[in-house]
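Happy to go through this one with you, one question at a time. Here is the model to look at.

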Amino acid sequence: MPNKKRKIQNKEGEKMEVIHIYHTNDLHSHFENWPRIYELLRERKKWHEEAGEAVYLFDIGDHLDLSHPYTEATKGRINTELLNKERYDAVTIGNNEGITLPYEALDHLYDGALFDVIVANLYKKNRERPAWAIPHQIYTTAKGTKIGVVGITAYFEQLYELLGWKLTEPMQELSKQIEELRGQVDIIILLSHLGINDDEMIATNFPEIDVILGAHTHHIFHQGKIINNNLQGAAGKYGYYVGHIEIKIDDLKKVMDKKAILYETSKLPIANEEEAIIENYYLQGKQALSEKAVTIDEYYSREFLAKILCEKLVSWCHSDCAILNEGLILNGLQPGDVTFFDLLSICPHPINPCNVTLTGAELKEILLDMKAEKWETLQVKGLGFRGTLMGKMISAGITEEKSGERVRYFIQSKEILADQYYVITVPDMLTFGNFFPSIYRAAKKDYFLPEFMRNILAERLRNRIKA
C-alpha cells in the first residue's frame, strides 16, 4: 500500500477523522509468523502516524501457548516482550493466559508490560482486581475522539477458581462497563475472548458497541461482519492473518463509516532481522528446559507411556478408574536422561486431569464405545490438544470378562453396577468436547490444576525408576 496522505471529506466539505485499528488473536506462540506481523504493524503504524491518523494495536488473547518451549521456559514472559517491542496499545487475556499458567505466573506475566491489559471479568478471590488488569480504558485521539475499550475473557469459572482467581459472568460485567462508559466516549470497542456465538449475541443485545474484535473460536471474517450496526472483526488463529479496522468519524464525533479487512501473513514481506531472532527462540527454549527430569534405562514406546500415565491418573486423582486417549503421547522416549524439553515434546498439551462422576450404566456405555476403530484415525483440533489424532482409547483400573457375547466389567474385582456411581479420571479435553455424551453432560466434574499430563507422567517415571 503506498504511503499517501488522504483528505477525507463529508458532504459539507469538512475533514473526517480516520482511525485505524490492527488486531491479532490466538497466536498460540506460533512465532514463525511473527516476523511478518512485526513488519506489517511497524510499517503501518509509521504510515498512519505520518498521515496524522490515529492508529491502535490490540491483541485479543491466547497470544501464548505453553506447547512452545520458550513460552514454557519463560512462563509467557517472552510473549509480553514481543508485544512490547511491537508497541501494542492493549491486550485482553485468553484461556491460555488465564488457566494454563499457575497463579503466580499469570500474576507476573505482565511485569514490565508497556501496554494496557484490559479484562473486566477477572478478579482475585477477595474481589479486588489484580494490579496489572483494568476493566476498560479510554483512548483519546489527537483530534479529541474518545474511544472506550473493554476486554472480556471466556467464562471458565471453575478452572479459574481452582487456580486462585475469581471470574465473573461476562455479560453482566460487560453491561456494567458499557453503563460506565456511556456518555463518556464516542466509540466503544470490545476485545472479546468469548467466541463467535457470544459475540453475535453481544452485537444483538448491546447496540452501543461499535466494534467487536473476536477470538477464542478461531473464526475468520475476511471483510468483517455487520450485526445490528456492530462491526465484527476476527483473524483466525496462529498469526495466519492480521485484522485491520478502519473507522471514519465526522466533526460531531459520529461514526460515518467502518470497514474490516484481513491481511494474509504468508503474503506479507518479512523482517529478516526479526526472523533470525524468532528462529532462535526454539533453541533458547530447548536450552532453558534442558534440566534432567529423570533417567531411564530402556526405550519406552508411545503406547507404554500412555499406559503408565493412565494408571498413574487413578492414584493421582484418587478415582475408581481412568480413561485416556493414546494420542496424548506423541512419541516414545529413548534410554538415558529425559529432560523437561523431552517431556514437553512428547506431551505438549495444556491438558489437566478431571474426575467425572458417572453411573455404572454410563460407564459401561463408554467402555463399549471406546472399542470403536474410529478413535485411532479421528483428527482433533483445539480443546487444548496439540497433537493430530485422538488415538486408541485405553483404561486403567477396569477389567472385563467375556462369556459368549456377554461382557462383564469390574473395578477392583467388583462388577460395575448400572445404578451405582463411579469416579472416572479423564483428560479434561473429553469434558469440553462431545466425544462421549455422558462425560460431556456429567453434572459433577472436578478438575485438577495446574499440573498437566506431562507433569504427572514425569512423576510416574520417577516412581518407576525408584521402584
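Q: Which residues are linked with Glu72 in a network of salt bridges?
A: This is a predicted model, where local features need pLDDT of at least 70, side-chain atom pairs count only at pLDDT 80 or more, and totals for chains, interfaces and linings use all residues. Residues are numbered from 1 along each chain as its sequence is written, and side-chain values use heavy atoms, with hydrogens and water left out. A salt bridge here is a side-chain nitrogen of Lys or Arg within 4 Å of a carboxyl oxygen of Asp or Glu. The network that holds Glu72 also contains Lys75 and Arg454.

Q: How many salt bridges does a search of the whole structure find?
A: One of them pairs lysine 444 with aspartate 446, with 3.2 Å between the closest N and O atoms. Another joins the side chains of lysine 374 and aspartate 369, at 3.8 Å from N to O. The search of the whole structure gives 22.

Q: How many residues apart in sequence are the parts tied together by arginine 182 and glutamate 208?
A: These two form a salt bridge, their closest N and O atoms being 2.3 Å apart. Arginine 182 sits in the loop between helix H7 (170-181) and strand S9 (187-193), and glutamate 208 in the loop between helix H8 (196-205) and strand S10 (211-214). Helices (H or I, at least four residues) and strands (E, at least two) are DSSP runs, numbered from the N terminus. The pair therefore ties together parts whose separation in sequence is 26 residues.

Q: What is the relative accessible area of glutamate 208?
A: Buried means under 20% relative accessible area, exposed over 50%, and partly exposed in between (1.4 Å probe, protein chains only). Arginine 182 counts as partly exposed at 41%. Glutamate 208 is also partly exposed, and its value is 30%.

Q: Is histidine 20 buried or exposed, and which histidine does its side chain join in a polar contact?
A: Histidine 20 belongs to strand S1 (residues 17-24). Its relative accessible area is 1%, so histidine 20 is buried. A polar contact is a pair of N or O atoms within 3.5 Å; within protein, one must be able to donate a hydrogen and the other to accept it, and residues adjacent in sequence count only if both atoms are side-chain atoms. At 2.9 Å, the partner side chain is that of histidine 244.

Q: Which residue has its backbone oxygen 2.9 Å from a polar atom of the side chain of threonine 80?
A: Threonine 80 lies in helix H3 and is buried, with a relative accessible area of 4%. Leaving aside residues up to four places away in sequence, threonine 80 touches Leu109, Tyr110, Ala113 and Phe115 (contact means heavy atoms within 4.5 Å). The backbone oxygen at 2.9 Å belongs to leucine 109.

Q: What is the volume of the largest cavity?
A: On a 1 Å grid over the protein atoms alone, a cavity is a set of points where a 1.4 Å probe fits but cannot get out, and lining residues have an atom within 4 Å of a point. Grid points are joined across faces, edges and corners, and a volume is the space filled by probe spheres set on the points. The count comes to 1 cavity of 30 Å³ or more. The largest cavity has a volume of about 70 Å³.

Q: Which helix gives the most to the lining of the largest cavity?
A: The lining has 14 residues, with His63, Asn79, Leu83, Glu97 and Tyr110 nearest the centre. With 3 residues, the helix that gives the most is H3 (residues 77-85).

Definitions and conventions:
1 Å grid on protein atoms, 1.4 Å probe; cavity = no way out; pocket = protein on both sides within 12 Å on 5 of 7 lines; lining within 4 Å.
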